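Please look over the structure below before reading on.

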Amino acid sequence: PTCREDVLEIFFKTHPDQEPYFNFEINALGTVYDAFNPRLNFAGGSFRWCHWNCADLRVGVQVHGTLNDPSDLDEGWDLEMAIPFRSLPTLQGRPPAEGDVWAFHLARYDYSVYLPGEGKELTSCAPLAGKSFHDGSESWLRLRFQR
């Protein structure tokens with residue numbers, strides 16, 4: 001699972017007040033996990049969703065340092081990602097219209113020998129209601145599309 005490594009997670013709902021939601025996880029190696037989740041806290045766990053692949057997804061990763069070598073000091077890593085609107089089932093092949101609003105948040109698992117305790121830091125751009133990045137989509141941020 002990519003969430004057990006340094007990873008950036010992207011969560012969004014194309015219709016903020018309805019399920020489903022999307023979850024993309026990308027690590028510093030460029031490994032992608034993409035999920036189309038029927039609803040939050042769905043019984044049966046993520047294995048029920050793992051067969052969806054976002055067609056034509058593009059990911060680019062650049063590492064500034066070395067991976068998995070604690071003997072040196074790394075600067076970080078960059079991620080660029082292009083998610084084609086036509087590949088999202090909830091949009092039925094149409095791009096968002098001006099004024100459409102999505103719910104989203106970006107989350108990060110950071111594992112480092114330099115962090116205290118377990119050496120893990122979890123961060124999110126949204127003030128999440130629960131302890132899981134999947135909890136509380138009502139607290140996710142809003143993204144408004146403009147032309």
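1. The model is predicted. Please keep that in mind with every value given here.

2. Searching the whole structure gives four salt bridges. One of them joins the side chains of D6 and R108, with 3.9 Å from N to O. These two residues sit in distant parts of the chain, 102 residues apart: D6 belongs to the segment before β1 (7–13), and R108 to strand β6.

3. R108 also forms a salt bridge with D110, at 3.6 Å from N to O. D6, R108 and D110 are therefore described as a network of salt bridges, since a salt bridge needs a side-chain nitrogen of Lys or Arg within 4 Å of a carboxyl oxygen of Asp or Glu.

4. D110 has 18%, so it is buried; the cut-off for buried is under 20%.

5. Another salt bridge joins the side chains of D56 and R86, with 3.3 Å from N to O. This pair, too, links distant parts of the chain: D56 is in the loop between β3 and β4, R86 is in the loop between β5 and β6, and 30 residues separate them. Both D56 and R86 are exposed.

6. The largest pocket holds about 680 Å³ of space. Its lining has 26 residues, and D6, N68, D74, Y111 and S112 lie nearest the centre.

7. Which strands supply at least two residues each to the lining of the largest pocket? They are β4 (58–64), β5 (76–82) and β6 (101–111). The largest share, three residues, comes from β6. By class, the lining is made up of eleven nonpolar, six polar and nine charged residues.

8. L29, V63 and L67 make a nonpolar surface patch of about 250 Å². V63 is in strand β4. With a relative accessibility of 31%, V63 counts as partly exposed; residues of a patch need over 30%.

9. A55 lies in the loop between β3 (32–37) and β4. The relative accessible area of A55 is 40%, so this residue is partly exposed. From C-alpha to C-alpha, A55 and F22 are 14 Å apart in space, and they are 33 residues apart in sequence.

Terms used: Residues numbered from 1 in each chain as written. Predicted model: local features only at pLDDT ≥ 70, side-chain atom pairs only at ≥ 80, totals over all residues. Heavy atoms only, no water. 1 Å grid on protein atoms, 1.4 Å probe; cavity = no way out; pocket = protein on both sides within 12 Å on 5 of 7 lines; lining within 4 Å. Points joined across faces, edges and corners; volume = space filled by probe spheres on them. Helix = DSSP H or I, 4+ residues; strand = E, 2+ residues; numbered from the N terminus. Nonpolar A, V, L, I, M, F, W, Y, C, P; charged D, E, K, R; others polar. Patch = residues over 30% accessible without salt bridge, like charges linked within 9 Å, V, L, I, M, F, W, Y side chains within 5 Å. Areas by Shrake-Rupley, 256 points an atom, 1.4 Å probe, with all protein chains shown as cover. Buried < 20%, exposed > 50% of the residue type's maximum accessible area, 1.4 Å probe, protein only.
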